[in-house]
Amino acid sequence: MPELPEVEVVRRGLERWVAGRTVEAVEVLHPRAVRRHPGGGADFAARLRGETIGVAQRRGKYLWLPLEGRDLSVLGHLGMSGQLLVQPQDAPDEKHLRIRVRFTDSGSGSAAGAAGTELRFVDQRTFGGLSLHENTADGLPDVIAHIARDPLDPLFDEVSYHLALRARRTTVKRALLDQSLISGVGNIYADEALWRARLHYERPTANLTRPRSAELLGHVRDVMNAALAVGGTSFDSLYVNVNGESGYFDRSLDAYGREDEPCRRCGTPIRRRPWMNRSSYFCPRCQRPPRVAS
């Protein structure tokens with residue numbers, strides 16, 4: 001699934017091409033694409049018609065389009081294969097096109113010059129979708145109010161995060177993927193940050209010192225910023241920006257997906273282990289497993 005860098009790449013594209021534009025019509029082509037919207041497809045389309053889209057927002061892996069002058073937002077669930085694409089209106093429909101949003105004008109500000117384009121939600125596996133929600137006082141769609149700030153958020157509280165880590169009886173990778181503690185980190189970037197920090201994924205958080213957790217957090221930020229610089233990680237054609245282009249951070253991965261390849265630090269073959277219905281990639285020499293108490 002897309003993680004923070006991939007979602008941020010999409011957010012930036014939406015800010016450029018969609019912000020300030022007014023919705024003329026919405027076409028829902030598959031009911032599952034609006035299943036999280038209680039009123040269904042017809043209600044979703046009717047309520048968006050005539051609304052002006054604000055600047056796209058993101059927290060962690062969650063992306064939403066606020067409606068200008070309203071306490072409402074369109075929340076985008078990308079799921080396993082969801083794509084938000086800005087396409088010319090006369091471009092052929094994608095095979096898995098689920099929702100089409102057409103606009104009345106060319107937009108203002110960063111979206112100026114976007115005339116003749118429309119927003120399309122494409123989703124091969126139909127796990128994602130769009131839905132309309134009321135905002136909290138903080139401007140978040142109410143259904144994601146529980147999601148923690150992400151490590152690239154200037155207001156992320158490092159002290160509180162460290163205290164929460166020490167208080168939890170869990171392991172470090174589980175904590176990195178806990179969206180109520182820190183949002184935006186998924187399997188790929190957790191493995192990459194842990195490799196950089198030389199920490200095994202099963203390291204208990206209770207004995208993680210504050211300098212060590214700060215170091216790990218720094219690696220999380222570094223790897224995400226590096227991924228952002230090249231458009232994120234795209235292992236296939238499913239993870240793309242709004243123009244349909246893939247990122248290429250997969251060429252720079254140090255641990256994830258490199259089973260049996262030599263560690264870039266010590267040359268030991270990278271190992272893969274099943275973990276929570278996923279996989280964990282690590283160097284058995286650089287990231288030694290924690291000792292089991294006898």
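These notebook entries record what I looked up in this structure, which is a predicted model.

**Entry 1. The sheet with strand 1**

I found an open sheet of four strands in the order 1-6-7-5, with antiparallel pairing. I noted strand 1 (23–28) and strand 5 (82–88) as its edge strands, each pairing on one side only. From one strand to the next, the twist averages 20°.

I then looked up how strand 1 is joined to strand 6. Strand 6 covers residues 97–103, and the two strands pair in the antiparallel sense over five bridges. Within this pairing I located Val-28, which stands opposite Ile-99 in strand 6.

**Entry 2. Arg-120 in strand 7**

I stayed with this sheet and turned to Arg-120, which is placed in strand 7 (residues 117–123). Is Arg-120 buried or exposed? I recorded a relative accessibility of 0%, so Arg-120 counts as buried.

Next I asked which backbone oxygens the side chain of Arg-120 reaches. One is the backbone oxygen of Pro-88, at 3.4 Å. Another is the backbone oxygen of Ala-91, which lies 2.9 Å from a polar atom of the Arg-120 side chain. I also noted a pair of positions separated along the chain: Arg-120 and Leu-85 are 35 residues apart in sequence, and their C-alpha atoms are 5.1 Å apart in space.

**Entry 3. The sheet with strand 2**

I moved on to another open sheet of four strands, whose order is 2-3-4-8, with antiparallel pairing. Why is one side of strand 2 and of strand 8 left without a neighbour in the sheet? Strand 2 (57–59) and strand 8 (129–134) stand at the edges and each has a single partner strand, so one side of each has no neighbour there. Neighbouring strands of this sheet are turned by 30° against each other on average, direction ignored.

I looked up the partner of strand 8. Strand 4 (residues 72–77) is joined to strand 8 by six bridges, and the two run antiparallel. In this pairing, the bridge partner of Val-74 is Leu-132 in strand 8.

**Entry 4. Helices lying across strands**

I then checked which strands helix 1 and helix 2 lie across. Helix 1 (residues 4–17) lies across strand 2 and strand 3 (62–66), and runs at about 15° to strand 3. Helix 2 (residues 40–48) lies across strand 4 and strand 8, and its angle to strand 8 is about 60°.

**Entry 5. Helix 3 against helix 6**

Two packed helices are described by the angle between their axes and the distance between the axes. I looked up both values for helix 3 (residues 158–167) and helix 6 (residues 210–229): the angle is about 115°, and the axes are 10 Å apart. The crossing of helix 3 past helix 6 is right-handed.

Which residues make the contact? From helix 3 I listed Glu-158, Val-159, Tyr-161, His-162 and Leu-165, and from helix 6 Arg-210, Ser-213, Leu-217 and Arg-221. By class, the residues of this contact divide into four nonpolar, two polar and three charged.

**Entry 6. The hairpin of strands 9 and 10**

I went on to strand 9 (residues 271–275) and strand 10 (residues 278–282), which pair in the antiparallel sense over five bridges. These two strands form a hairpin with two residues between them. In the turn, Met-276 has a positive phi of about 50°. I also noted that Arg-273 has Ser-280 in strand 10 as its bridge partner.

Leaving aside neighbours within four places in sequence, Arg-285 is in contact with Cys-266 and Thr-268. The C-alpha atoms of Arg-285 and Cys-263 are separated by 9.0 Å, with the two residues 22 apart along the chain.

What does the side chain of Asn-187 reach? With the side chain of Lys-173 it makes a polar contact at 2.6 Å. The Asn-187 side chain also reaches the backbone oxygen of Ser-279 at 2.9 Å. Beyond neighbours within four places in sequence, I recorded contacts of Asn-187 with Glu-3, Lys-173, Leu-177, Tyr-256, Trp-275, Arg-278 and Ser-279.

Notes
Residues numbered from 1 in each chain as written. Predicted model: local features only at pLDDT ≥ 70, side-chain atom pairs only at ≥ 80, totals over all residues. Heavy atoms only, no water. Axes fitted to C-alpha atoms, helices over the stretch in contact; angles between N-to-C directions. Left-handed = near helix turned anticlockwise from the far one by under 90°. Contact = heavy atoms within 4.5 Å. Nonpolar A, V, L, I, M, F, W, Y, C, P; charged D, E, K, R; others polar. Pairing = 2+ DSSP bridges. Polar contact = N/O pair within 3.5 Å; in protein donor to acceptor, adjacent residues only side chain to side chain. Buried < 20%, exposed > 50% of the residue type's maximum accessible area, 1.4 Å probe, protein only.
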